[in-house]
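I'll walk you through one chain today, going from the overall picture down to a few single residues.

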Amino acid sequence: MPLPTSPVIRRVRLGAELRQLRRREALTLEQVCDRLGWASTSKLSRIELGQSRPDLADVLDLLDVYEVPSSARDALIVIARDAATSRGWWKALAEMGERQRTYAELEAGAARIVEYQPAVVPGLLQTPAYARLRLAAAAAVDPEVDVDAEVRSRMVRQEVLRRVDPPHYTAVLTEAVCERGQTPPEVWREQLRHLVTMTGLANVTVRLLPGGAAGLDPLTPYSSYAFPDPADPRTVMIETLTSDVRLATVADVERYERITDALLGAALSAEETVTVLTGRVDD
């Protein structure tokens, strides 16, 4: 079930709007919490930083304190409801670990996704067998990873690319991604075929970076997201071994957008990429 907005992004936007309102009223965190009878400032701080799913009643109380007029109030209530969503969509993601759920939230509300991967096939394009191998390797480092549940969840995430009105997804892959390595031949052949099949979707584009473009490669995988509502902050997620870094400031996002433009300028065309991938399947 697709979401019209991304809850995680709505939380960030709501927090920024509430912080701006508080500063407009020249109130400190302590002063607001005293007026509302909240025990500490940590609750308000987490709401303003977009780090917690807000309670609508708390948001209404804050709007009262800031004396927000009804016209602006209604728009903020809509954002708050999106940020606190508990729709049935969450039930489908109940098995997901925290890291994968964050990506799923972003993908569900995105209009455009661009992902750069220097070493592995992106999660949205993985077959179950390939995903199992990748997640089993992760479980060797982190025993709390539930491989079966994460594989099922990854397949649920992929449905976003086939829904009605899906996001446009572009994957930029280095040639290293297309090397079999230690992947069993039958798993790798199926994965290559699946990549080719996915490029048949009108909203999916795969672009390969030739070896000579290695000097442009960022050091880590990343993905960027743009949303239907232009007021929702464009976001970049940087993937590391143990955690992910979310960037949402204009300066940070624009730097990564320039990197993306450079990578796409150096990459093979979508048609050339399909030809290369098809040739590797035949090999």
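So, to start: what percentage of the 283 residues of the chain count as buried? It's 46%, where buried means under 20% relative accessible area, exposed means over 50%, and partly exposed is in between, with a 1.4 Å probe and protein chains only.

Quick housekeeping. This is a predicted model, so local features need pLDDT of at least 70 and side-chain atom pairs count only at pLDDT 80 or more, while totals for chains, interfaces and linings use all residues. Residues are numbered from 1 along each chain as its sequence is written, and side-chain values use heavy atoms, with hydrogens and water left out.

Overall picture next. The chain has 12 helices and six strands; those are DSSP runs numbered from the N terminus, H or I of at least four residues for helices and E of at least two for strands. The C-alpha trace spans about 70 × 40 × 35 Å along its principal axes. Take contacts, meaning heavy atoms within 4.5 Å, between residues at least 6 apart in sequence: 73% of them join residues at least 24 apart.

Now the inside. Nonpolar side chains in soluble globular proteins tend to be buried together. By nonpolar core I mean a set of buried Ala, Val, Leu, Ile, Met, Phe, Trp, Tyr and Cys residues joined through side-chain atoms within 4.5 Å. The largest one here has 31 residues, and Leu 125, Leu 161, Tyr 169 and Tyr 225 touch the most other members. At least two residues each come from α1 (7–24), α7 (98–109), β2, α10, β3 (204–209) and α12 (270–282). Which helix gives the most to this core? That's α10, with five residues. Apart from this core there's another, of 20 residues, including Leu 14, Tyr 66, Ile 77 and Ile 79.

Not counting residues up to four places away in sequence, its contacts include Leu 161, Tyr 169, His 194 and Met 198.

On to helix α8, residues 128–141. Its 14 residues reach 20 Å from first C-alpha to last, close to the 20 Å expected at 1.5 Å a residue, with the expected span being 1.5 Å times one less than the number of residues. Tyr 130, Ala 131, Leu 135 and Ala 139 are its buried residues, and their cover includes α9 (147–158) and α10 (185–198).

Over in strand β4 (residues 222–226) you'll find Ser 224. Why does Ser 224 count as buried? Because its relative accessibility is 11%. Beyond its neighbours within four places in sequence, Ser 224 is in contact with Arg 112, Ile 113, Val 114, Thr 235 and Val 236.

Last, some loop residues. Glu 67 isn't a glycine, yet has a positive phi of about 55°; it sits in the loop between α4 (56–65) and α5 (70–83) and is exposed at 63%. Asp 165, in the loop between α9 and β2, also has a positive phi, near 55°, and is exposed at 64%. Finally, Gly 181 and Gly 37 are 144 residues apart in sequence and 59 Å apart in space, C-alpha to C-alpha.
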